Amino acid sequence: MANVVDAAGEPIPTSSVLMAAAKHIEINCMPENVEFLKCKKKDPNPEKCLDKGRQATRCALGLLKDLYQRCKEPMEGYAGCMYYHTNEFDLCRKQQQAFEKACPLQ
């Protein structure tokens, strides 16, 4: 299984970790993501939306850190299952339920 955290204990935002936390990111970082998407729609120049992109990234990384601190074992189990099964949600429902029970969607 791939590591979920780096040497400093910070969550590594791999695809399996991001997929496992996708619902939490969607709910908790919606304002930042919507502002970033509005900016991109308004102006396709990437430089114009760097600040909005940083805010969205900061939100997601902060949320991952919080989830990992509050729900370490269920998050590792779910992300590990997602990694092993190449991000196939259907094959990790048991781990998803344990993760969402430990860290409910808000």
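Q: What should I know about the model and its numbering?
A: This is a predicted model, where local features need pLDDT of at least 70, side-chain atom pairs count only at pLDDT 80 or more, and totals for chains, interfaces and linings use all residues. Residues are numbered from 1 along each chain as its sequence is written, and side-chain values use heavy atoms, with hydrogens and water left out.

Q: OK. How many disulfides?
A: The count comes to four. A disulfide here is a pair of cysteine sulfur atoms within 2.5 Å.

Q: What pattern do they follow?
A: Counting bonded cysteines along the chain, the pattern is 1-4, 2-3, 5-8, 6-7.

Q: Let's go through some. How far apart are the sulfur atoms of C29 and C59?
A: They sit 2.1 Å apart, and the two cysteines form a disulfide. The pair links distant parts of the chain. C29 is in the loop between α2 and α3, while C59 is in helix α4, 30 residues apart. Helices are DSSP runs of H or I with at least four residues, numbered from the N terminus.

Q: Which hand does the C29 and C59 disulfide have?
A: The torsion about its S-S bond is about -90°, so this disulfide is left-handed.

Q: Are C29 and C59 buried or exposed?
A: Both C29 and C59 are buried. Buried means under 20% relative accessible area, exposed means over 50%, and partly exposed is in between, using a 1.4 Å probe and protein chains only.

Q: And where are C39 and C49?
A: These two form a disulfide with sulfur atoms 2.1 Å apart. C39 lies in helix α3 and C49 in the loop between α3 and α4, 10 residues apart. The link of C39 and C49 is left-handed, with -95° about the S-S bond. Both cysteines are buried.

Q: What about C81 and C92?
A: C81 and C92 form a disulfide, again with sulfur atoms 2.1 Å apart. C81 belongs to helix α5 (residues 72–84), and C92 to the loop between α5 and α6, 11 residues apart. The S-S torsion of C81 and C92 is about -90°, so this disulfide is left-handed. C81 is buried, and so is C92.

Q: Switching topic. How many salt bridges are there?
A: There are four. A salt bridge is a side-chain nitrogen of Lys or Arg within 4 Å of a carboxyl oxygen of Asp or Glu.

Q: Why would such side chains pair up at all?
A: Side chains of opposite charge can pair when their charged atoms come close.

Q: Which residue does E100 pair with?
A: E100 forms a salt bridge with K23, and their closest N and O atoms are 3.5 Å apart. E100 is in helix α6 (residues 93–102) and K23 in helix α2 (residues 22–28), so the pair ties together parts 77 residues apart in sequence. E100 is partly exposed at 22% relative accessible area, and K23 is partly exposed at 37%.

Q: Where do E35 and K38 sit?
A: Both are in helix α3 (residues 30–42), three residues apart, or about one helical turn. E35 is partly exposed at 35% relative accessibility.

Q: What about R70 and D66?
A: Their side chains meet in a salt bridge, 2.9 Å from N to O. The two residues are four apart in helix α4 (residues 50–70), separated by about one helical turn. R70 is partly exposed, with 42% relative accessible area. D66 is partly exposed too, at 31%.
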